[in-house]
Amino acid sequence: MSMELEVRTASVERALEPGRLPPVPWRDPHTVSPTALADYIHTLEKLCGENPQSVDLRTCLGMAHAVNYDVYKSMDALEAAVRLNDRHFFAQFKYAELHYRLRALHKAEAETIKALELAETAWEQSLAHKQLLEIRRLMREGTQKPEWTKSLKPPAIMLALMTVILSMVVIWR
C-alpha cells in the first residue's frame, strides 16, 4: 500500500470520531486519479462494513461513487444513509443533489425541500435554498426528464392495429 493511501486511510479512520466526516482526498473531482478514487471507495466500503450504522460514511461513499460516475451505487449508498437517519441534513441534501444532477427534477425538488426543513445553520439553509432555486429554474425552462405517468397501452394497440391493416392492404394488392 502506498504511503499516500496509508495516510488517507488513517485520516478516514480517525474521522470516525463522533461528529466528524471523513476527509475527501481531493479538492477538485476532475483532478483525482482513477486509482486513488478506487482506493478511497474501497476504504469507505470497508469502513461502512465495519460501521453499518454510520450515516456520514454512507453519505461519503455515495459522493465518492458519484464522482466515479457510478450512479446506481451512489443512489444505493445515499438511500441507505437517508434510511439510517431521516433527520441527517447532508445525507438528505446529497440524495436530493443526485436526483438534481440526474435531472429527475420533481423528485429532486421534494427531497431538497426535506433537506431545507432539516437545515439547522444558515449555511445549510443557503445550500439547500440555492439548490432549490436552481431546480425550479430548470423546471421552468423545461430541462427535465419526462415523467411516464400515462399508460402506453393505447398507443401500442393502435400501432398493432395499423400494422395489421397495412399488412392486409399490401397482401390484397
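Q: Which side chains does the polar contact of 3.4 Å join?
A: The side chains of His65 and Glu45 are joined by that polar contact. The model discussed here is predicted, and every value is computed from it. A polar contact pairs N or O atoms within 3.5 Å, one able to donate a hydrogen and the other to accept it.

Q: Where along the fold is His65 found?
A: His65 belongs to helix 3, which spans residues 55–67.

Q: Is His65 buried or exposed?
A: The general idea is that a residue counts as buried when its relative accessible area is under 20%. His65 has a relative accessible area of 4%, and therefore counts as buried.

Q: Which residues is His65 in contact with, leaving aside its neighbours within four places in sequence?
A: These contacts are with Ile41, Glu45, Asp70, Lys73 and Ser74.

Q: How many helices and strands does the protein chain have?
A: There are eight helices and zero strands. Read along the sequence, the pattern is α-α-α-α-α-α-α-α.

Q: What share of the residues of the protein chain counts as buried?
A: Of its 173 residues, 36% are buried. The accessible surface of the chain amounts to about 11,600 Å², and carbon and sulfur atoms account for 60% of that area.

Q: Among contacts between residues at least 6 apart in sequence, what share joins residues at least 24 apart?
A: In the protein chain that share is 52%. One pair of residues separated along the sequence illustrates the idea. Phe89 and Leu118 are 29 residues apart in sequence, yet their C-alpha atoms are 5.5 Å apart in space.

Q: What surrounds Phe89, and is Phe89 buried or exposed?
A: Phe89 is found in helix 5. Its relative accessibility is 5%, so Phe89 counts as buried. Not counting residues up to four places away in sequence, Phe89 touches Ala115, Leu118, Ala119, Glu124 and Ala128.

Q: Which residues line the second largest pocket?
A: The lining is made of Phe90, Phe93, Lys94, Glu97, Tyr100, Arg101, Trp123, Leu127, Lys130, Gln131 and Glu134. The volume of this pocket is about 180 Å³.

Q: Which helices each supply at least two residues of the lining of the second largest pocket?
A: They are helix 5, residues 89–101, and helix 7, residues 122–141. Helix 5 gives the largest share of the lining, with six residues.

Q: How is the lining of the second largest pocket divided by class?
A: Five of its residues are nonpolar, one is polar and five are charged.

Q: What is the phi value of Tyr69, and where does this residue lie?
A: Tyr69 has phi near 60°, a positive value in a residue other than glycine. Tyr69 lies in the loop between helix 3 and helix 4, the latter being residues 71–84. With a relative accessibility of 70%, Tyr69 counts as exposed, the cut-off for that class being over 50%.

Q: What is the phi value of Arg103, and where does this residue lie?
A: Arg103 has phi near 65°, again a positive value in a residue other than glycine. Its place is the loop between helix 5 and helix 6, the latter being residues 105–118.

Key: Residues numbered from 1 in each chain as written. Predicted model: local features only at pLDDT ≥ 70, side-chain atom pairs only at ≥ 80, totals over all residues. Heavy atoms only, no water. 1 Å grid on protein atoms, 1.4 Å probe; cavity = no way out; pocket = protein on both sides within 12 Å on 5 of 7 lines; lining within 4 Å. Points joined across faces, edges and corners; volume = space filled by probe spheres on them. Helix = DSSP H or I, 4+ residues; strand = E, 2+ residues; numbered from the N terminus. Nonpolar A, V, L, I, M, F, W, Y, C, P; charged D, E, K, R; others polar. Buried < 20%, exposed > 50% of the residue type's maximum accessible area, 1.4 Å probe, protein only. Contact = heavy atoms within 4.5 Å. Areas by Shrake-Rupley, 256 points an atom, 1.4 Å probe, with all protein chains shown as cover.
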